[in-house]
Amino acid sequence: MLATTQAWAFSLDDVAKKAQSLAGESFKAPKSNLPSEFREMKFADYQQIQFNHDKPYWNNLKTPFKLEFYHQGMYFDTPVKINEVTATSVRQIKYNPDYFNFGSVKHDPEAVKDLGFAGFKVVYPINQAGKNDEIMSMLGASYFRVVGKGQVYGLSARGLAIDTALPSGEEFPRFREFWIERPKAKDKHLVIYALLDSPRATGAYRMIVTPGTDTVVDVQSRVYLRDKVGVLGMAPLTSMYLFGSNQPSTNVNYRPQLHDSEGLSIHAGNGEWIWRPLNNPKHLSVSTFSVENPKGFGLLQRTRDFSQYEDLDDRYDLRPGAWVEPRGVWGKGKVQLVEIPTADETNDNIVAFWIPASLPEVGKPINLDYRLHFTRDEAKLHDPALAWVKQTMRSTGDVKQSNLIREPDGTTALIVDFVGPALKALTPDAPVTTQVTTDDNTKLVQNDLRYNPVTGGWRLTLRFNVIDNKKPVEMRAYLIKEDKPLSEIWSYQLPANE
């Protein structure tokens, strides 16, 4: 128990002491205190349990930030402890069923009076003065979602990922306790501390949430290993890709694209920029990018035109990309991308994270600090001196016959549009060329680059035969002018087709 006399000095060190102490103990799995009618309820019933929006925490304080809470139910069946930190004290925010409207869900009031919360939301007038909007949701394991002005929830960030995509199965650490600093009237940010726990790791986190056109979360983390892990994924992002321009839907669908993110972007320590379009593969796929001292990486939604989604309900055009900006020196490691097959949009099937090249011994901390940007302005995440990929389109390859009819020739075609100020400054006849490399599972039959007068950029068309459909195809391409790179690197994987 933290002494209230020390609360004024509450810091990440206080949470780190708890994390380090926990790491020296055997893991104790959290116990559910839910009555069976809540644990066994269907999603539609869980949705009926709504927080009473007229009763947010800090409602009577002169502060733009308020808290709302999630009730336990379904698989959110273990409570998390939520504390408020003031200038003079640390005290637990107690569960009270009066916070919630239970709709038609039948329950025994006595059975729920001592439950805890499943998580919490941060509300803030981000879009309109005097009107509270959700800007952050903290619910389940170590997941959290964040939005900025004019954005809707999409991809998630996480505290930690362990053994993602390994045959042994993934371990999902959870935030078991939070400390939230009571904000002052003119504060423009909210400070949240979190204690993470799992069978093989613990962690202490400090998050400073600053809402805005792009909401920013500054993260300080200290992770302690209880035992060895196969893959330690730090600063993880989780998203969804069902279909899009580089992988059209196999079923007729009025939506041209359906995804929370469409590509992984990496800014390497050597200044190189990489763009990897996402896939919904038939088989689990893991791609790694070795990087030393990365300058940033993220899962982005570059396509912003509503006409490319046509979804009035889910507004994929308004979902933010998330960019991880490292603070300090991260050293050697790799960015790993995991793509998991999914048949519908309800499953997050994309994960990206940083894997340090070396881990400290058990009980010693791993310190990793970074800033998370949640943005719809992907253009500002590019180097203006380099062009970037606007879109990747996949098509059946064909050849125009003498009668002008296009005849499929058994190839696959990829059309890549490069855009940006670096290209708009050039004349259509500028000496722009490409550097294209393919793996040994590819026979390239067309490599054509032409000026695109619509975008003011250049369009690359690649047509190729796949030698073995049971294997994926890997290829890379970038633009060159006068022997110097003119664009980011387009790093593409065509998934195995069988």
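Predicted model: local features only at pLDDT ≥ 70, side-chain atom pairs only at ≥ 80, totals over all residues.
## The salt bridge between the domains

Across the interface of domain 1 and domain 2, one salt bridge is found. The partners in a salt bridge are the side chains of Glu488 and Arg302, with a distance of 2.8 Å from N to O.

Polar contacts also cross the boundary: 13 residue pairs, both members at pLDDT 80 or more, are in polar contact across the interface of domain 1 and domain 2.

## The two domains

The domain assignment divides the chain into domain 1, which consists of residues 12–30 together with 141–381, and domain 2, which covers residues 388–494. The C-alpha centres of domain 1 and domain 2 are 30 Å apart.

## The area of the interface

The size of an interface is often expressed as the accessible area that is lost when the parts come together. For domain 1 and domain 2, the buried area is about 1,300 Å², and 43% of it lies on carbon and sulfur atoms. Three residues of domain 1 deserve mention here: Asn246, Trp275 and Arg302 provide 32% of the area that domain 1 buries against domain 2, more than any other three residues. Arg302 is also a partner of Glu488 in a salt bridge.

## The side contributed by domain 1

Across the interface, the polar contacts comprise 13 residue pairs.

Ser137 belongs to strand S7, which spans residues 131–139. Because its relative accessible area is 6%, under the 20% limit, Ser137 is classed as buried. Apart from neighbours within four places in sequence, Ser137 is in contact with Tyr70, Phe120, Tyr143, Phe144, Arg145 and Tyr153.

Phe38 is located in helix H2, residues 36–39. Its relative accessibility is 0%, and therefore Phe38 counts as buried. When neighbours within four places in sequence are set aside, the contacts of Phe38 are Ile49, His71, Gln72, Gly73, Met74, Phe102, His107 and Val112. One of these residues, Met74, is 36 residues from Phe38 in sequence, while the two C-alpha atoms are 6.2 Å apart in space.

Notes
Residues numbered from 1 in each chain as written. Heavy atoms only, no water. Domains from an automatic or database assignment. Buried area = accessible area lost by both parts, 1.4 Å probe. Salt bridge = Lys/Arg side-chain N within 4 Å of Asp/Glu carboxyl O. Polar contact = N/O pair within 3.5 Å; in protein donor to acceptor, adjacent residues only side chain to side chain. Helix = DSSP H or I, 4+ residues; strand = E, 2+ residues; numbered from the N terminus. Buried < 20%, exposed > 50% of the residue type's maximum accessible area, 1.4 Å probe, protein only. Contact = heavy atoms within 4.5 Å.
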